Amino acid sequence: APSNRGDVTVNIQMKIGNVNESVNVVSEAPAAVQFNTSSMDLTVDNTMVRNLPVIGRNPFTMTLLDPAVVNRYTTAEKTPFKMWASSQLEVGGPTSQKNDTLLDGMPAQAGPKGTYAPSMDAVTEVSVQQNSVDAEYGHSSGGVLNVSMKSGTNNLKGTVYYFGRN
């Protein structure tokens, strides 16, 4: 039986054409390095505060997004507005109950317990500072956990949420 297979050689000459290539690099300048501090900071901005789910709806637990922050409170204390939740976090080492817990820059811890945990809907930003913090944060031997509240308005507003766990 004859075969329909065969080797075919085609010699094609390719011509070099014009090379038009451009690369546009667009970038923003990185955040300026602060040479006057040795503190390592992490700020959870308003977009993340609004969109990330938070177990227990305690804004201080958003500091757990920082890899240096370790959770030392039990599951029984993950209820909304639990006052031990903010004081049981460790920042950069064994600092449980030694952190400076702030609400709009004001101390929010009385002894080993936090005094107030605002609703997530009232929070605009959460920040964590670890290591050698500035002298203005001289209250503690641990890290600084700061929750910033939203500003007020003359209009009546509110939110409703359902918090249910089985």
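Q: What is the order of the strands in the open sheet of five strands?

A: Note that this is a predicted model. Now the general idea. Strands of a sheet pair through backbone hydrogen bonds, either parallel or antiparallel. Here the order is E1-E8-E9-E4-E5, and the pairing is mixed.

Q: Which strands stand at the edges?

A: E1 and E5 (106-107) do. Each has a single partner strand, so one side of each is left without a neighbour in the sheet.

Q: How many bridges join E1 to E8, and do the two run parallel or antiparallel?

A: Five bridges join them, and they run antiparallel. E1 covers residues 40-44. Val44 has Val126 of E8 as its bridge partner. Leu42 lies opposite Val128, also in E8.

Q: What does E8 do on the E9 side, parallel or antiparallel?

A: E8 and E9 (residues 144-149) run antiparallel, with six bridges between them. Val123 is partnered by Met149 of E9. Val126 faces Val147 of E9. Val126 is also the bridge partner of Val44.

Q: Where does the parallel pairing come in?

A: Between E4 and E9, through four bridges.

Q: How should I think about side chains along a strand?

A: In a regular strand the side chains alternate between the two faces of the sheet. Then ask how covered the strand is. E8, residues 123-130, is mostly covered, with six of its eight residues buried.

Q: Why is E9 described as largely enclosed by the rest of the structure?

A: Five of its six residues are buried, so E9 is largely enclosed.

Q: Now a loop residue. Where is Gln97?

A: Gln97 sits in the loop between E3 (89-91) and E4 (100-103).

Q: Is Gln97 buried, partly exposed or exposed?

A: Partly exposed: its relative accessible area is 38%. The cut-offs are under 20% for buried and over 50% for exposed, so 38% falls in between.

Q: Which residues does Gln97 touch, leaving out those up to four places away in sequence?

A: Trp84, Ser87, Gln88, Gln109 and Pro112.

Q: What separates the C-alpha atoms of Gln97 and Ser86?

A: They are 8.5 Å apart, for two residues 11 residues apart along the chain.

Key
Residues numbered from 1 in each chain as written. Predicted model: local features only at pLDDT ≥ 70, side-chain atom pairs only at ≥ 80, totals over all residues. Heavy atoms only, no water. Buried < 20%, exposed > 50% of the residue type's maximum accessible area, 1.4 Å probe, protein only. Pairing = 2+ DSSP bridges. Contact = heavy atoms within 4.5 Å.
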